[in-house]
Each structure stands twice: as structure tokens, then as C-alpha cells.
Amino acid sequence: MSATPRGRPDASMTLITEMMQRPLDPGYAAAAESRQKAGLPPATSHHGPLLVIFAVLIGALLATSAMALRTPTTATGQIKSALVGRIEASRAHADAQTRFIAGLSSEINAAQATALGQQSQGGLATELAGLEIAAGTVSVIGPGMVITVDDAPADVGSKNPNADPQKAAGVDLGKVRDADLQIIVNGLWMAGAEAISVNGHRLTARAAIRSAGEAILVNYRSLVRPYAITAIGDPGSLSVEFADNAGGSYLQSLKVNYGIRGDIQTRDSVVIPGEPALSLLAAKPVQSSVTKETPATTFGRTPSTTPQQTTETSP
Amino acid sequence: MIPALGLIVGLAVGLFLHPAVPLPLQPYLPIAVIAALDAVFGGVRAVLDGIFNDKVFVVSFLSNVVVAAFIVFLGDQLGVGSQLSTGVVVVLGIRIFSNVASIRRHLFRA
């Protein structure tokens, strides 16, 4: 094979030909030839101690490298799956507890209703119902609107001439942040919304829209996008006033500048779930003339109504 | 047969003791594995060809590992470590495949 005449057609590929056709170490052939010249059989024993030692060594090398190069990924994977399992277990536990609380509170409500009925004070029962609606502990239904906000599509940053590319490299500007939701929700309160929920989490007097890492939290529960903000309010004025005020214009600027998707739908009837009331431990009603006067403030605007509601719901 | 047992013993030792490999040496492990596999398949082929020689086997294994590691080390120093690793893997991989093909012809006559 090597003693071919000149002008082989594959002369330019000698390296590959060599590698493909004579892959065996030529040392084996040479050693066999010299052994045959010395009158020995061409092959040596397969059971020499040196060979066994090297076989053990090679086996250990294979196993060691497999373990060393594989362990880091499995270790992180194990930790990750363990953490995910714990998160899911805690979430399931929390959901079960929430259902339990809902069951208990409906029992309490029934007991309260019978107790109030027995005392034949119908005024108290209706007052309680009104306070519950104001405090946001019961589900409410009414005309309103649903604003669906979602992150910008992945490629919009490159198309947007207004986005600063240097800033976009560090922070994803097309992502909805907690502050965005806060401004939109404040705009809805300003427009006269009477009840608001974000992804089914009612914004009560003690609710907060926060962020933890990448996630947006409402009532200590993390939300997944898209974010659906449901508001109940006067069907004629709510959407119009929202579009006019700071919240509406902020949403509009998010859409125009950062490609964030925001969809406003007016509905005849939306349902906003209640949030189980968190009992107040430290706050006590103030028995003074100031408290008597505060309820006179306008109803429907959060900043003024929230403290008032909180005081009244506490026993 | 005894070397095959030795290989299994070595695998078991590595699996159960799993010795810690220092971090700076870890990039060389894949290359060392490929080089060792090349030597092993070359040795098996030589056995089947009837020209096996334990000295040649040991020397070829050691030189394969050392040269492959040296090439990768040099590549790391020059900033082309991954490319040279790829080169080593390609060359030794081709050799492994043709040795395996030859072993296959010996064993199955196909």
C-alpha cells in the first residue's frame, strides 16, 4: 500500500489515508518482527504483571474521570430538584391551609349571622356585610375592566430605537416590574376603582405589590406572567378616567417605549375574589373625636379609605 | 482475560473510592480518557492480529496520555486550548473507530 507508483489520485490526502488505513501503532508490527528474528513467538503473553497493572490503572482512570466530570452537574441538579420539591410542597401546604381558612371563615360567617339574627339586630348584620365588602374579605362582582400586562416579546429590544442598548444589556427593559404594576394599580384607584385584584389576589388594606428577585409578589404570593389586573368600578367613568390619569398614560408609555404588552378590556361583569382577613394584632381602634370624623372622607380612594377600613374591621 | 478483569477491578476502584481530582487537572481528564481508549483498542486489535507486545502497549498508552495532555496544556497557555482538545479528540477518535472496525472484522468476519 505504501509502495504505490507516483501520481496516485489521492496523493493530496495522504494524511487521512494513512490514518484510516494504518491506524495501528506501527510499533506493534516492528516489535513482532524483531521478536520473530530472535526466534520468539511474535506476540507476548497477555497476562504479564505490567499489563495487569496498566489495565487496573486505565479502568481507574475511566471511572475517576467519569465521576469527576459528571458529579458537579448532578450535584447542582439534585440541589435544584430538592429545592423545587420543597417549594412545591410548601405551596401545596399553603394552598391547603388557605382552603382550610376559607372553610373556617365561612363557618364563622354562618355562626355570626345566626348570632346576630338571634339578637334580632338586623342592622348589625347588614352593617357587617357592608364592612366585609369594604375590607375585601368577600368576593365581589360588578362591572369593571381587565388590564392584561405582559413582558415585551423577546426580540423587541433590538427593534426599539428608543431603548438604550447599553442599559438593555444589563437590565431587561421589556420586563414588567413591580413598580409598573404599582403605578397602574394606583391609576385604577385614582380612576375610582372599588376593588382590584392582580392575578386573582385581592388588593386589600394590607396588600403590597413587591418584587423578590425576578418575581413580582402580591400578598406574599409570586405571580407568573401575564399579569391580569381586574378592577370593579363605575362602568362609564372607570376606563375613561384611567386612560386620562397617570396610570393610563404610564401604561401607554410602557407600550410605546418598551414594547410591553398591555391590553385593556371593559367587561359588564367581573368577579374579584376575597382575601381571607388578616387579623390585626397591634392596631387598636382610637376612641377619639378624630376617628369619628375620618369616616366622613370620600369613599373609593385608597389612601383615605384604607386606614379607616382597617380601624373599623378590627374588633 | 486477566487484563479485562484488571480493567473491571480498576473501574470498581474508581467508582467506589472516587478519588478527588484536583481542579487544574480536570481539563486533561477527557483527553486522557480518549488516549487511554485509543491504547486499549489498539492493544485489543494487536492481540487479535497476533502481534501483541505488552511493552509497546504500555509505552503507547503512556506516550498517548502525556502527549495529548501536553498539547492541551500548550493550547491552554496559547489561548487555543479548546481547539487543540478538539484536534486531539478528532485524531484519536478516528484511530479508535478504525481499530474498532478492524476488531469487528476479526470477531464477526463482517
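Trainee: What should I know before reading the values?

Mentor: Residues are numbered from 1 along each chain as its sequence is written, and chains are lettered from A and ligands numbered from 1 in the order in which they are written. This is a predicted model in which local features need pLDDT of at least 70, side-chain atom pairs count only at pLDDT 80 or more, and totals for chains, interfaces and linings use all residues, while side-chain values use heavy atoms, with hydrogens and water left out.

Trainee: What pLDDT does chain B average?

Mentor: Chain B averages a pLDDT of 84, and 99% of its residues score at least 70. pLDDT is the predictor's confidence in each residue, from 0 to 100. Where pLDDT is low, the predicted coordinates should not be read in detail. For the complex, the predictor gives an ipTM of 0.80 and a pTM of 0.44.

Trainee: How many helices and strands are there in chain B?

Mentor: Chain B has 4 helices and 0 strands, in the order α-α-α-α from the N terminus on. Helices (H or I, at least four residues) and strands (E, at least two) are DSSP runs, numbered from the N terminus. Chain A comes to 11 helices and 8 strands.

Trainee: Why is Asp38(B) called buried?

Mentor: Buried means under 20% relative accessible area, exposed over 50%, and partly exposed in between (1.4 Å probe, protein chains only). Asp38(B) has a relative accessible area of 1%, so Asp38(B) is buried. The residue lies in helix 2 (residues 28-49) of chain B.

Trainee: Which residues does Asp38(B) touch?

Mentor: Leaving out residues up to four places away in sequence, Asp38(B) touches Asn64(B), Leu92(B), Arg95(B), Ile96(B) and Asn99(B). Contact means heavy atoms within 4.5 Å.

Trainee: What percentage of each chain counts as buried?

Mentor: Of the 110 residues of chain B, 41% count as buried. In chain A, buried residues make up 28% of the 315 residues.

Trainee: Why does Phe70(B) count as partly exposed?

Mentor: The relative accessibility of Phe70(B) is 48%, so Phe70(B) counts as partly exposed. Phe70(B) is found in helix 3 of chain B.

Trainee: Which residues form the nonpolar patch on the surface?

Mentor: Phe70(B), Phe73(B), Leu74(B), Leu78(B), Val80(B) and Leu84(B) form the patch, with about 520 Å² of accessible area together. Helix 3 (residues 54-78) of chain B gives the largest share, 4 residues. Patches are made of residues with over 30% relative accessible area and no salt bridge; like charges are joined within 9 Å, nonpolar side chains (Val, Leu, Ile, Met, Phe, Trp, Tyr) within 5 Å. Accessible areas come from the Shrake-Rupley method with a 1.4 Å probe, and for residues only the protein chains shown count as cover.

Trainee: How many residues of chain B are in contact with chain A?

Mentor: In chain B, 41 residues are in contact with 35 residues of chain A. The area buried between the chains is about 3,600 Å², of which carbon and sulfur atoms give 79%. Pro3(B), Ile51(B) and Phe52(B) supply 14% of the area that chain B buries against chain A, more than any other three residues. Buried area is the accessible area (1.4 Å probe) that two parts lose on being put together, summed over both.

Trainee: What is the count of salt bridges between chain B and chain A?

Mentor: The count is 0. A salt bridge is a side-chain nitrogen of Lys or Arg within 4 Å of a carboxyl oxygen of Asp or Glu.

Trainee: What makes the phi of Asn219(A) worth a remark?

Mentor: Most residues other than glycine have a negative phi, and most peptide bonds are trans. Asn219(A) has a phi near 55 degrees, a positive value in a residue other than glycine. Tyr220(A), also not a glycine, has a positive phi of about 65 degrees.

Trainee: Where is Asn219(A) found, and is Asn219(A) buried or exposed?

Mentor: Asn219(A) is in the loop between strand 5 (215-218) and strand 6 (221-222) of chain A. Its relative accessible area is 13%, so Asn219(A) is buried. Tyr220(A) is found in the loop between strand 5 and strand 6 of chain A, and at 67% relative accessibility Tyr220(A) counts as exposed.

Trainee: Why is Ser269(A) called partly exposed?

Mentor: Its relative accessible area is 44%, so Ser269(A) is partly exposed. Ser269(A) is found in strand 8 (residues 261-272) of chain A.

Trainee: How far apart are Ser269(A) and Ile141(A)?

Mentor: They are 128 residues apart in sequence and 6.5 Å apart in space, C-alpha to C-alpha. Ser269(A) touches Ile141(A), Gly142(A) and Pro143(A), not counting residues up to four places away in sequence.
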